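Please find below my notes on the structure you sent. They are set out as numbered points and can be read in any order.

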Amino acid sequence: MPKREMPDAGEARTQRALRTIESMLDLQLLRTNLDAVAKRLADRPFALDTATFQALEQGRKDLQTRAQELQARRNALAKQIGQTKSKGGDTAALMTDSAEVNAELGALEKGAEEAQKRLQDFLAVVPNVPHESVPVGTSPDDNAEVRRIGAPRKFDFTPKDHVDLGARLGLLDFEAATKIAGTRFVVMKGAIARLHRAIAQFMLDVHTGEHGYTEVYVPYLVNAASLYGTGQLPKFKEDLFTVPRGAASGEADAGDFYLIPTAEVPVTNLVRDEIVPLEKLPLKFVCHSPCFRSEAGSYGKDTRGMIRQHQFDKVELVQIAHPAQSYAALDALTGHAESILQRLELPYRVVTLCTGDMGFSAAKTYDIEVWLPGQNAYREISSCSNFEAFQARRMQARFRNEKGKPEPVHTLNGSGLAVGRTLVAVMENGQQADGSIALPAALVPYMGGVQKIDPA
RNA sequence: GGAGAGGUGGCCGAGUGGUUGAAGGCGCACGCCUGGAAAGCGUGUGUACGGUAAUACCGUACCGCGGGUUCGAAUCCCGCUCUCUCCGCCA
């Protein structure tokens with residue numbers, strides 16, 4: 001765990017929890033089902049060194065047990081000294097014993113700390129265990145198509161992509177964005193800017209009004225502890241934009257802010273360090289926010305257009321669910337995202353990511369891919385995942401179960417949907433031979449009755 | 001940014017070095033009482049890790065966070081952080 005000075009109370013609490021829990025995986029599960037876990041992790045593929053784990057865990061346990069014995073002895077001696085003193089007795093012998101115990105304890109604690117650290121480092125890079133229903137595979141080619149909804153439209157002209165369409169309309173300006181900020185930004189104007197806003201409003205209304213989500217507005221700058229909670233840190237720091245807090249500048253600081261790469265971070269962290277009452281589950285949140293990603297390592301990928309930007313808007317769905325309900329919740333959440341595409345009359349397909357294509361923290365992920373005529377391909381527009389208790393353990397996000405005991409919740413999220421990519425899909429799928437864009441009926445009320453965007 | 005006050009259990013609130021995981025109250029749970037309920041009475045009521053398979057029992061840690069002093073720290077010292085009030089600034 002990277003050193004961070006000046007943690008606030010909540011962060012520190014999480015840090016402490018991480019130290020004691022040590023794992024993103026359930027340590028209990030690891031101990032009792034080590035071989036089964038290792039076998040499934042091999043499908044990702046991830047090689048879990050079970051012998052090393054057992055050695056580290058045994059070492060940690062031995063040290064802890066011994067340290068606790070010594071602590072118990074120290075406490076007993078201290079108590080005795082107090083009692084003896086109050087009676088005016090001689091405490092010299094007791095003090096000697098106590099000094100011995102403390103000497104041994106001091107040495108032991110150092111070793112215990114190191115053992116803890118080694119185990120922590122070992123477990124920090126272990127990804128989540130894939131759910132049994134996840135197909136085994138190593139590349140996107142091994143993803144399993146679940147369903148395909150809607151047929152790609154037949155064009156009697158050669159369809160353009162959104163960049164050309166936007167240029168022709170005079171309403172998408174990548175050059176201006178490059179001048180103002182740099183590559184991977186866009187300036188939208190007029191009807192396209194409004195369409196972008198309309199899409200987000202439409203999604204929010206559907207999810208709050210029909211799917212039972214509570215709309216939330218959250219910080220777009222977050223602290224490091226939140227990013228640890230959802231798993232972006234410590235492993236994926238390069239993907240994030242950092243905002244130095246000190247006016248002084250330059251040097252990285254524990255108090256730094258990070259721009260959110262997705263609303264998943266602030267929204268899921270709502271339950272960090274909380275114990276949610278059983279009857280409150282599931283919690284369902286929807287949040288429209290900008291997202292900021294450095295796209296380090298994506299050089300040369302999707303450089304054209306709005307598909308991969310440093311800044312984009314997204315409407316995010318988050319659920320905090322009872323473990324017994326989380327897979328039903330994943331199906332429901334995916335369906336909620338799909339319903340947006342259906343209402344926008346956009347063809348799409350749903351795939352189950354294979355073990356090799358899933359994210360680090362996910363136990364199961366459905367990607368929803370929308371048809372883009374400009375690319376003649378299905379492109380990801382939403383990714384819906386069940387993290388089971390992986391994030392919850394890092395966050396200390398729990399609920400009080402039927403027996404009254406705190407237990408980690410299951411967390412889920414999915415885009416519902418990425419607004420920029422939806423805009424692209426609406427433009428490309430609705431394009432007419434004359435370069436105008438016919439809008440899906442669902443968006444017309446959000447466009448003040450406008451049904452078609454015409455070139456200026 | 002300047003000045004001051006404060007962070008104790010689900011909540012309120014005691015507690016300035018010794019048998020305090022923490023008085024008391026509220027809330028909550030169970031029991032008694034009642035035809036039923038309220039009131040009243042009694043008992044209980046934090047989290048994590050470890051010993052264990054165990055929600056039984058035992059141990060350890062935790063009174064904002066980190067460090068220090070001490071045989072012993074909620075209590076003393078240092079650093080930090082957050083909250084509140086006033087001033088300044090500001091959308």
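1. Overall layout. The model is a predicted one. Chain A is split by the assignment into domain 1, residues 9-124, and domain 2, residues 140-453. Between the C-alpha centres of domain 1 and domain 2 the distance is 41 Å.

2. Strand β16. This strand covers residues 410-418 and is mostly covered, with nine of its nine residues buried. The cut-off for that label is under 20% relative accessible area.

3. Partners of β16. Strand β10, residues 311-321, pairs with β16 in the antiparallel sense over seven bridges. Within this pairing, Glu316 has Ser415 in β16 as its bridge partner. Strand β13, residues 377-388, is also joined to β16, here by four bridges, and the two run antiparallel. Asn386 has its bridge partner in β16 at Leu412. As background, strands of a sheet pair through backbone hydrogen bonds, either parallel or antiparallel.

4. The three-strand sheet. An open sheet is ordered β8-β14-β15 and has mixed pairing. Its edge strands are β8 (275-276) and β15 (406-408), each of which pairs on one side only. Strand β14, residues 398-400, runs antiparallel to β15 and is joined to β15 by three bridges. Phe399 stands opposite Glu407 of β15.

5. Helices α6 and α13. How do the axes of α6 and α13 cross? Helix α6 spans residues 162-169 and helix α13 spans residues 419-430; their axes come within 9 Å and cross at roughly 80°. Angles of 65 to 115 degrees count as roughly perpendicular, so α6 and α13 are roughly perpendicular to each other.

6. Residues in that contact. On the α6 side the contact is made by His162, Leu165, Gly166 and Leu169, and on the α13 side by Val424, Met427 and Glu428. Sorted by class, the contact of α6 with α13 has four nonpolar, two polar and one charged residues.

7. Thr32. The C-alpha atom of Thr32 is separated by 61 Å from that of Lys452, which lies 420 residues away along the chain.

Terms used. Residues are numbered from 1 along each chain as its sequence is written. Chains are lettered from A and ligands numbered from 1 in the order in which they are written. This is a predicted model: local features need pLDDT of at least 70, side-chain atom pairs count only at pLDDT 80 or more; totals for chains, interfaces and linings use all residues. Side-chain values use heavy atoms; hydrogens and water are left out. Buried means under 20% relative accessible area, exposed over 50%, partly exposed in between (1.4 Å probe, protein chains only). Two strands pair if DSSP finds at least two bridges between them. Axes are lines fitted to C-alpha atoms, for helices over the stretch in contact, and angles run from 0 to 180 degrees between N-to-C directions. Angles under 35 degrees count as roughly parallel, over 145 as roughly antiparallel, 65 to 115 as roughly perpendicular and the rest as oblique. Contact means heavy atoms within 4.5 Å. Ala, Val, Leu, Ile, Met, Phe, Trp, Tyr, Cys and Pro count as nonpolar, Asp, Glu, Lys and Arg as charged, and the others, Gly among them, as polar. Domain bounds come from an automatic or database domain assignment.
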